[in-house]
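Student: I would like to go through this model term by term. Please set each value against its definition.

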Amino acid sequence: MTTNAKVTVAGAGALGLSCALALADAGFAVTVCDPGPALGNASAVAGGMIAPTFEAVLDAEATAHFDLLLAARDLWPALEARSGVSLDRTGALAAGRPEWLQQVATRLAGLGLHATEIPRRAAEELAPGLADGLGPVLLNREDWRLDPRAALQALTAAAVAAGVAFRSEAVRGRGDADLLVLATGAADLAALAPEMAALAPIKGHILRTPTPDLCSVTVRGEGVYVTPADAGLAVGATMEAGVADPRPDPAKAGPLLSAGARLFPALAGAAYELQAGVRAATPDGLPLVGFSQEPGVLLASGARRNGWLIAPLVAQVAAALAAGRDPGRYAARFDPARFS
Ligand SMILES: Cc1cc2nc3c(=O)[nH]c(=O)nc-3n(C[C@H](O)[C@H](O)[C@H](O)COP(=O)(O)OP(=O)(O)OC[C@H]3O[C@@H](n4cnc5c(N)ncnc54)[C@H](O)[C@@H]3O)c2cc1C
């Protein structure tokens with residue numbers, strides 16, 4: 001495809017915006033279409049962790065993809081410089097029962113990594129509100145984070161500056177575009193690209209509290225994380241396989257808050273806002289990125305629980321494929337035809 005061809009990107013989440021910017025930088029005439037929050041946007045409610053190592057350690061499905069997750073993270077500094085998204089690279093802590101922490105350290109070692117056990121006083125500098133009764137704390141400098149809403153704004157601004165047009169409408173077909181990029185997250189669009197049938201929804205609840213002084217880095221605990229996000233803290237997150245309804249369910253707040261309060265007791269009485277998003281997931285946990293069997297359609301959907309982390313890699317592969325360039329060594333693992 002000639003690089004001044006017309007491309008419509010459906011979806012203005014982390015994947016759609018990253019792809020739009022990469023496609024515009026490759027010379028395409030890009031329009032992003034998204035009708036707005038009515039269809040749900042997982043990127044806006046996410047925790048914002050750029051966490052290849054703790055994800056590979058704590059989420060069994062991510063372990064096999066550790067190399068890919070790390071490669072995606074390593075593309076972030078360039079995207080930060082290109083887009084103005086602000087990354088916090090201080091690192092992340094793990095805190096909890098000594099037996100659990102030992103498991104975490106062992107799994108990190110299995111990935112060839114070494115997390116540093118830090119003294120209580122050093123941990124308190126990063127997380128002053130941490131519960132007294134917790135044992136040792138591990139510091140892992142490989143995991144970073146960003147503020148999702150600020151990142152969406154920065155990516156949008158960078159895309160506009162790069163000449164990307166935005167339209168507030170749902171995409172129902174390729175229209176007059178030479179290429180349609182489906183970055184629509186969990187939307188059910190198998191009619192536009194049959195490979196999308198491989199996606200299943202995983203709903204996630206997350207709490208946001210206006211209590212930023214409890215910690216300045218992400219803290220991972222058993223079955224819960226607390227992370228600075230959007231001028232407060234986010235406490236997340238549930239994984240509700242098969243649930244596609246994006247509306248928050250108030251019954252999910254109590255257990256999340258209790259889990260967060262095991263790490264930070266002050267969360268027990270904190271005010272909060274409950275949010276929910278729906279992640280799109282494939283059976284192997286990696287997204288569908290590549291050409292559909294439907295002519296003129298390229299997929300960039302299904303990032304499961306690491307969409308922010310892998311967005312720059314998805315964008316790099318999508319833009320290379322669209323431009324007819326070598327998409328690199330990870331493209332085969334994203335192949336949309338792998339479940340057909
Ligand atoms: C609670 C929670 C916490 C998370 N925490 C993290 C985290 O810490 N780190 C991380 O890396 N990931 C995290 N994730 C996962 C991450 O949010 C997702 O993988 C990522 O946001 C997916 O981005 P996306 O652009 O594919 O989809 P979305 O952000 O869902 O965007 C899809 C967009 O497509 C639009 N759309 C739908 N249909 C159409 C249509 N027909 N035409 C046009 N537009 C359409 C929607 O309106 C939406 O804006 C979390 C997810 C959840 C739910």
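Student: What should I know before reading any numbers?

Tutor: This is a predicted model, in which local features need pLDDT of at least 70, side-chain atom pairs count only at pLDDT 80 or more, and totals for chains, interfaces and linings use all residues. Residues are numbered from 1 along each chain as its sequence is written.

Student: How do you know that the radius of gyration agrees with a compact globule?

Tutor: The radius is taken over C-alpha atoms, and the globule rule is 2.2 Å times the number of residues to the power 0.38. For 340 residues, a compact globule would have a radius near 20 Å; the chain has 20 Å, so the two agree. The C-alpha atoms fill a box of roughly 60 × 40 × 40 Å along the principal axes.

Student: How many helices and strands does the chain have?

Tutor: There are twelve helices and 17 strands. Helices (H or I, at least four residues) and strands (E, at least two) are DSSP runs, numbered from the N terminus.

Student: What share of contacts joins residues at least 24 apart?

Tutor: Two residues are in contact if their C-beta atoms, placed from the backbone, lie within 7 Å. Among contacts between residues at least 6 apart in sequence, 76% join residues at least 24 apart.

Student: What makes up domain 1 and domain 2?

Tutor: The bounds come from an automatic or database domain assignment. Domain 1 is 1-88 + 145-198 + 284-340, and domain 2 is 92-141 + 200-281. Their C-alpha centres lie 26 Å apart. Their contact takes 25 residues from domain 1 and 29 residues from domain 2. On the domain 1 side, the elements giving two or more residues are α2, α3 (52-58) and α9 (148-161).

Student: Why is R208 called buried?

Tutor: A residue is buried if 20 or more other C-beta atoms lie within 10 Å of its own, exposed if 12 or fewer, and partly exposed in between; C-beta atoms are placed from the backbone. R208 has 20 within 10 Å, so R208 is buried. R208 is found in strand β10. Its contacts beyond four places in sequence include A229, D230 and Y272. Of the 340 residues of the chain, 51% count as buried.

Student: Why is F264 called buried?

Tutor: F264 has 24 other C-beta atoms within 10 Å, so F264 is buried. F264 sits in the loop between α10 (253-263) and β15. Its contacts beyond four places in sequence include G129, L130 and V226.

Student: What makes the largest nonpolar core a core?

Tutor: A nonpolar core is a set of buried Ala, Val, Leu, Ile, Met, Phe, Trp, Tyr and Cys residues joined through C-beta atoms within 7 Å. The largest such set has 117 residues, and C19, V181 and A318 are among those with the most contacts inside it. Helix α11 (residues 307-323) gives the largest share, twelve residues. Domains 1 and 2 both give residues to this core, so the core lies between them. A318 touches C19, A22, V181, V289, L298 and A300, leaving out residues up to four places away in sequence.

Student: Which residues come nearest to the ligand?

Tutor: A residue is near a molecule if its C-beta atom, placed from the backbone, lies within 6 Å of it. Of the 40 residues around the ligand, G11, G13, G185, G204 and G307 come nearest. The elements giving two or more residues to this shell are α1 (14-25), α2 (42-45), β10 (200-209), β15 (273-281) and α11. The shell divides into 20 nonpolar, 16 polar and four charged residues. Each of domain 1 and domain 2 supplies at least three of its residues.

Student: Which peptide bond is cis, with omega near -15°?

Tutor: The bond from G236 to A237. A237 is in the loop between β13 (232-236) and β14 (240-241).

Key: Ala, Val, Leu, Ile, Met, Phe, Trp, Tyr, Cys and Pro count as nonpolar, Asp, Glu, Lys and Arg as charged, and the others, Gly among them, as polar.
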